[in-house]
Each structure stands twice: as C-alpha cells, then as structure tokens.
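Here's a friendly walk through one protein model, taken a few contacts at a time. Have a look at it first, and then we'll start with a ring.

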Amino acid sequence: ALLVPSGSYVTSGQEIIELETDKVNQVLYAPEEGEVSFSVSIGDVVTIGQNIGFVEKGKGAPKTPPPKKEVKPLPKLEEGVRKDEEAFVKSLEEKKEEPKKAPKAKGSKTRKRMSGLRKTIASKLVDVKNKTAMLTTFNEVDMTEVMSLRSKEKENFEKQYGVKLGFMSFFVKAVVAALKAYPQINSLIEGEEIVTFHTYDIGVAVSTEKGLFVPVIRGCEERSFSDIEKEIVLQAKKAREGSIAIDDLKGGSFTITNGGVFGSLLSTPILNPPQSAILGMHSIVKRPIAVEDKVEIRPMMYLALSYDHRIVDGRDAVLFLVHIKKSLEEPARLLLDL
C-alpha cells in the first residue's frame, strides 16, 4: 500500500509505503526529506533487492505558509438571548447531537480487495491440504490440577513477576517434555531429508484483525514459566499492534493454537508449514467423568494433535499426545521435565 502519493514531499522517517509479505506487513520509512517517487503500484509483486522508488533530497519542499488570519471573537449577543461567547459555547456543548443515519445499503453484498497477506495464507493452507498426509488424533485432559495450582499461585506469581500465570506456559512446558520424549515430532521434511531440531522453539498462534500470526518463543526448555508468559504477552501485543517483525515469526518447529479462547469445543488444527505437527487447545468445560469408579464433575479440555503422517507414525502421535495429557494432569512432572 502506498501511504503517500508519488510526487509527495516527505520528511525523514515518515511512513511512505507498506509491503505485504507471506508472514507480516512491513512499513518502510523515508530515508531523508524530499520528493518521493514510486516505480510500483498497489498490488504489484516485488522481489528482494528490487528498486521500488526513491526520494529526491530537498525537492518539493513546501513554501513558507502564509500568515494566519486574525480570528475575530464572536460578537456579544443581546441580553435575554445569550449573554456572551462563553454562554454560547456552553449552550452548544449542552445541545444533544442528532443521531447519525446509517449509510444506505447498496445491493445485497460488498466487495473488497483481498490483501497480499490473506492471499498468501490462503495459498499456504491449500498447499498443506494437498501436499501433506495430515491426520489428527484426539484426547482429553482433566485440568483440575493445573487450575488448582494456577488459582493458588496466581496472585503471588503476578506480584513477583509482573505477569499473569496463564494456561499457555503449562502447555508450552508440556509440549517441550513430549518433544524430548518423541523427537520425530520436532522434525520436518526438506527435500528427501528429515531434519530434526534439538532446540525447542515453540510457535504460539495469535489472532489479529489482519489474520493469524505465529510468533516463536525461543529456547523454551531453558525458560521459566514467567519468562514464557512475558514473551507470549509481548509477542501477542506486537502482532496486534502491527509492529511484529519477520524474525519474530521464523524458525519454530512446533505450534500451539488455542481455539478455546473463542469458545471452540473441538476442532482439527491445520499444520503450520513446514512443521510436522500442531497442538490444538479448546474450551475447558465441566463434564461428568469416571474417577476411581465414581462419577465426578471435572473441568475437561479436548486436545487435538494434527500431524504429517509422512514423517510421524500414528503410534508416536498418539503417545506424544498422551505424554502431554499426563504432564498436565500431574503438573509436578513438568518441574522434573518428565
């Protein structure tokens, strides 16, 4: 998107053009003041290193603005109507605004240009369906222990670390432990090779008005719960404000997405290419379950693991998800990294 027309006078550091990439929008700034000229139009596809315009230094500088005209004060009105300007302004403030009329609908549908980011997301999702052998396995987890621990410690946690103790840090830690036990899940296909990561850089999906972003939380095996929570809050804020960088989205080997925040009970998450697996979280719902031959009401969450069957066997996918389930139902295991 061109943020200023070609031929405009711009100042150093002014936003002039926005590039849409396959991951994030990137705003470019004027390197100096002068007249900007673009050699591209809205919707053009550009390549790395391509010249898309220039700023001619000093050209087009605006002339000295004309002197401001003296604004004469409002004349005093006759006694009995309005006494002075102050009373006149006050009467305007007290006057209720008339309700604005809603714009008339033109036809039964509207159209708008699909953004480059949305087109790229759409293309990648179709590629995932067509170029991977994606399957999904499901399980459920009893969230009683995690919720109890979180409720007990959340006040002290926030007071000590300045961030709320959410559920996501528990899931990130549970995923790291499971990836260590089943390293093939932490792998991807490059050509005819299987590349296995020995680092634990976990992508956490963030929904924004522009689409879904997946910032990567790096080195999760070495991070504390508070570090993970702080990083998630920071990256989510950057994604929603539009200040997230491409480097923030690179390098993850596994993704967690939480449809539960929107009320989803169960879904089939789609892979985040080129990764081989993604974990889907869902709503926590109280349901009757059997506990030691007794029926109890417990807070339950359905979990979904989508995986690429070309690289991950069904047995390993199921056991990986069971490992996560056990870690969450016995949070002490996370402290021992089991």
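Let's begin with phenylalanine 157, which is buried at a relative accessible area of 11%. (Buried means under 20% relative accessible area, exposed means over 50%, and partly exposed is in between, using a 1.4 Å probe and protein chains only.) Before going further, note that this is a predicted model, where local features need pLDDT of at least 70, side-chain atom pairs count only at pLDDT 80 or more, and totals for chains, interfaces and linings use all residues. Residues are numbered from 1 along each chain as its sequence is written, and side-chain values use heavy atoms, with hydrogens and water left out.

**Rings and their partners**

Rings of Phe, Tyr and Trp (its six-membered ring) pair if their centres lie within 6.5 Å; planes under 30 degrees apart are stacked, over 60 edge-to-face, and the rest tilted. That rule gives 3 aromatic pairs here. One of them joins phenylalanine 157 to tyrosine 161 in a tilted arrangement, at 4.9 Å centre to centre and 55° between the planes. Both residues sit in helix 3 (residues 144-161), 4 residues apart, or about one turn of the helix. (Helices, H or I with at least four residues, and strands, E with at least two, are DSSP runs numbered from the N terminus.) Tyrosine 161 is partly exposed, at 34% relative accessible area.

Next come phenylalanine 170 and phenylalanine 225, whose ring centres are 5.1 Å apart with planes at 70°, so this pair is edge-to-face. Phenylalanine 170 belongs to helix 4 (residues 168-181) and phenylalanine 225 to helix 5 (residues 225-241), so the pair ties together parts 55 residues apart in sequence. Phenylalanine 170 is buried at 3% relative accessibility, and phenylalanine 225 is buried too, at 18%.

Charges can also sit over rings (NZ of Lys or CZ of Arg within 6 Å of the ring centre and within 35 degrees of the ring normal). Arginine 150 does this over the face of phenylalanine 167, at 4.4 Å from the ring centre. Lysine 180 lies over the face of tyrosine 200, at 5.7 Å from the ring centre.

**A closer look at helix 4**

How many of the 14 residues of helix 4 are buried? The count is 12, so this helix is largely enclosed by the rest of the structure. Among the buried ones are Met168, Phe171 and Leu179. Helix 4 reaches 20 Å from its first C-alpha to its last, close to the 20 Å expected at 1.5 Å a residue (the expected span is 1.5 Å times one less than the number of residues).

**Salt bridges**

The structure holds 9 salt bridges, each a side-chain nitrogen of Lys or Arg within 4 Å of a carboxyl oxygen of Asp or Glu. Here are some of them, with N to O distances.

| Glutamate 296 | Arginine 298 | 2.9 Å |

Glutamate 296 is partly exposed at 29% relative accessibility, while arginine 298 is buried at 19%. These two also join Asp142 in a network of salt bridges. Aspartate 308 is buried at 2%, whereas arginine 310 is partly exposed at 49%.
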